[in-house]
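Subject: Structure handover

Hello,

Here is the structure I promised to pass on. Please open it and keep it beside this email as you read.

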Amino acid sequence: MTHTPAAQVKTKVHTRRQAILKLTASLGATLLAPGLASAAAETSGTWPNKPIKWIVAYPAGGGSDFLARQLAPALGKQLGQTLVIDNRPGAGGSIGTDAAAKSPGDGYTLLSGDNGAMIFNSAMYKKLPYAASDFTPVGMMARFPLILAVNPSSGFSSAAQWLAEIKKNPGKYSYASPGIGSPHHLAMELIKQRSESFVVHVPYRGTAFAIQDVMSGIVPMAILDSAAGLSQIRAGKLRALAVLSKTRLQQLPDVPTFEELGLKGVEVSAWQGLFVPKGTPEPIVQRLTLEMNKAIALPEVKARLEEFGLQVIPGDGASLARYLQQETQVWHTLIKERKLSAE
C-alpha cells in the first residue's frame with residue numbers, strides 16, 4: 001500500500017468533498033414533497049398487517065444498531081406494527097445488505113444502509129452479491145461524527161503529539177476499526193493521506209470488539225463513531241484526541257478538529273439512511289419517509305440520539321439518492337489512489 005498522496009487526487013477529493021458537505025447540509029432542510037402525506041395516506045391494501053423486519057448489517061453494540069434500536073419503537077408505534085431488529089454482520093456489511101437486497105419488495109423489510117455498504121464496498125470488493133441499485137432510498141436518518149480515541153495509557157496526551165509521533169514512526173503503531181471498508185477505516189486512510197503518515201490497520205468484526213481491545217491496551221487507538229465511543233470516553237476508559245468534524249462537537253468541547261491541527265479537508269462521518277428493496281410500492285416508500293421523519297423528530301428520540309453525538313438529518317429518498325451519487329465519486333477516487341481492497 002502506498003502512503004504518499006498524489007497532489008492531483010488531493011485537490012479533486014477536497015473540491016468534491018466541499019460540494020458534498022453543502023449537499024449534506026441541505027438534507028436537514030429538505031421538505032417533504034407537497035403530495036407526500038396524501039400519497040402515503042393512500043397506501044394500497046392493509047400494509048402493514050404483520051411485524052416488519054429491520055436488517056442492521058453490523059453487530060449489536062455499534063452505532064448502526066444503536067440508531068435502529070432507538071428509532072424502531074417510535075416508528076413501529078406510528079405504523080401500528082412491531083419492528084424487529086435483525087443483526088446480520090459480516091464482510092463489511094455485505095452479508096446483511098445482500099440479505100435485504102434479496103428480500104421481497106413488499107414493505108416488510110427495511111435496511112439501515114451506510115457509506116460502507118452503499119458506497120465503499122463496490123470499490124473495495126471485486127464482486128459484490130448486491131448493488132446499491134437493488135434498493136430504493138427512503139431517506140437519511142442521521143450522521144455519526146467520528147472520533148480519534150486512544151487508550152489512556154497509550155502515551156498519547158494530545159492530538160498534536162499523536163500526529164508528530166505517527167509521522168516520525170511510520171508503521172510503528174496500529175489502530176482498530178469496526179472492519180475493512182467501514183467509514184472508520186476510510187477516515188483513517190484520509191488522515192494518513194493528508195498527513196503523509198502510516199499506521200497499521202487492525203480491522204475487527206464490529207465496533208464493540210474494537211473498543212474492547214483498545215480499552216484493554218491490545219491496540220493503542222481507534223477511529224470510533226460517537227454513538228459507540230462517547231460513553232467510554234465519558235467514563236475515562238478511552239481518551240478522545242481529535243474529531244473528524246468541521247467544528248468541535250458539543251459533547252466534546254475540549255477536543256480539537258483535525259483542521260485545527262493543520263490537516264485540511266479531514267471531515268468524515270459515518271451516516272445511516274433507511275432503504276427498502278427495489279420494487280417496494282411507491283405509496284409504501286412515501287409513507288415510510290413520512291413516518292420516519294416524524295419519529296426521528298420526536299423530542300425524546302432526537303434528544304437521546306443527540307446525547308450520543310448523532311446529528312439528526314431528516315430527508316427524503318430523492319435527496320439521499322443524490323447524496324449517494326456524489327459521495328461515490330469522492331470515495332472511489334480515494335480508494336483507487338490508496339490501492340485499498342477488502343480481498
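Below is what turned up, grouped by topic. One caution before you start: this is a predicted model.

**Helix pairs**

Start with helix 5 and helix 12. Helix 5 covers residues 115-124, and helix 12 covers residues 317-338. Their axes lie 9 Å apart, and the packing angle is about 40°. That angle makes helix 5 oblique to helix 12. The two cross in a right-handed way. Which residues meet here? From helix 5 come Asn115, Met118, Ile119, Phe120, Ser122, Ala123 and Met124. From helix 12 come Leu324, Glu327, Thr328, Trp331, His332 and Ile335. Sorted by class, this contact holds eight nonpolar residues, four polar ones and one charged one.

Next, look at helix 8 (residues 207-215) and helix 9 (residues 226-234). These two pack at about 25°, with axes 10 Å apart. Angles under 35 degrees count as roughly parallel, so helix 8 is roughly parallel to helix 9. The crossing of helix 8 and helix 9 is right-handed. Helix 8 brings Thr207, Ile211 and Met215 to the contact. Helix 9 brings Ala228, Gly229 and Gln232. The residues of this contact split into three nonpolar and three polar, with no charged ones.

The last pair is helix 10 (residues 282-297) and helix 11 (residues 299-307). Their axes come within 5 Å and cross at roughly 70°. Helix 10 and helix 11 are therefore roughly perpendicular to each other. On the helix 10 side, Ala295, Ile296 and Ala297 make the contact. On the helix 11 side, Pro299, Val301, Lys302 and Leu305 do. Six of the contact residues are nonpolar, none is polar and one is charged.

**A pocket**

Now for some empty space. Rolling a probe the size of a water molecule over the atoms shows where such space is left. The second largest pocket has a volume of about 320 Å³. How many residues line this pocket? The lining has 31 residues. Tyr58, Pro59, Pro178, Gly206 and Thr207 are the ones nearest the centre. You have met Thr207 already, in the contact of helix 8 with helix 9.

Which elements each supply at least two residues of the lining? They are helix 3 (63-79), helix 7 (183-195), helix 8 and strand 9 (269-277). Helix 3 gives the largest share, with three residues. By class, the lining has 13 nonpolar, 14 polar and four charged residues.

**Two backbone details**

Most residues other than glycine have a negative phi, and most peptide bonds are trans. Two places here are worth a look with that in mind.

Where is the cis bond? The peptide bond from Trp47 to Pro48 is cis, with omega near -5°. Pro48 sits in the loop between helix 2 (36-41) and strand 1 (52-56).

The other place is Ala91. Its phi is near 55°, a positive value in a residue that is not glycine. Ala91 belongs to the loop between strand 2 (83-87) and helix 4 (94-101).

Best wishes

Definitions and conventions. Residues are numbered from 1 along each chain as its sequence is written. This is a predicted model: local features need pLDDT of at least 70, side-chain atom pairs count only at pLDDT 80 or more; totals for chains, interfaces and linings use all residues. Side-chain values use heavy atoms; hydrogens and water are left out. Axes are lines fitted to C-alpha atoms, for helices over the stretch in contact, and angles run from 0 to 180 degrees between N-to-C directions. Helices (H or I, at least four residues) and strands (E, at least two) are DSSP runs, numbered from the N terminus. Angles under 35 degrees count as roughly parallel, over 145 as roughly antiparallel, 65 to 115 as roughly perpendicular and the rest as oblique. A crossing is left-handed if the near helix is turned anticlockwise from the far one by less than a right angle, and right-handed if clockwise. Contact means heavy atoms within 4.5 Å. Ala, Val, Leu, Ile, Met, Phe, Trp, Tyr, Cys and Pro count as nonpolar, Asp, Glu, Lys and Arg as charged, and the others, Gly among them, as polar. On a 1 Å grid over the protein atoms alone, a cavity is a set of points where a 1.4 Å probe fits but cannot get out, and a pocket is an open set with protein on both sides within 12 Å along at least five of seven lines; lining residues have an atom within 4 Å of a point. Grid points are joined across faces, edges and corners, and a volume is the space filled by probe spheres set on the points.
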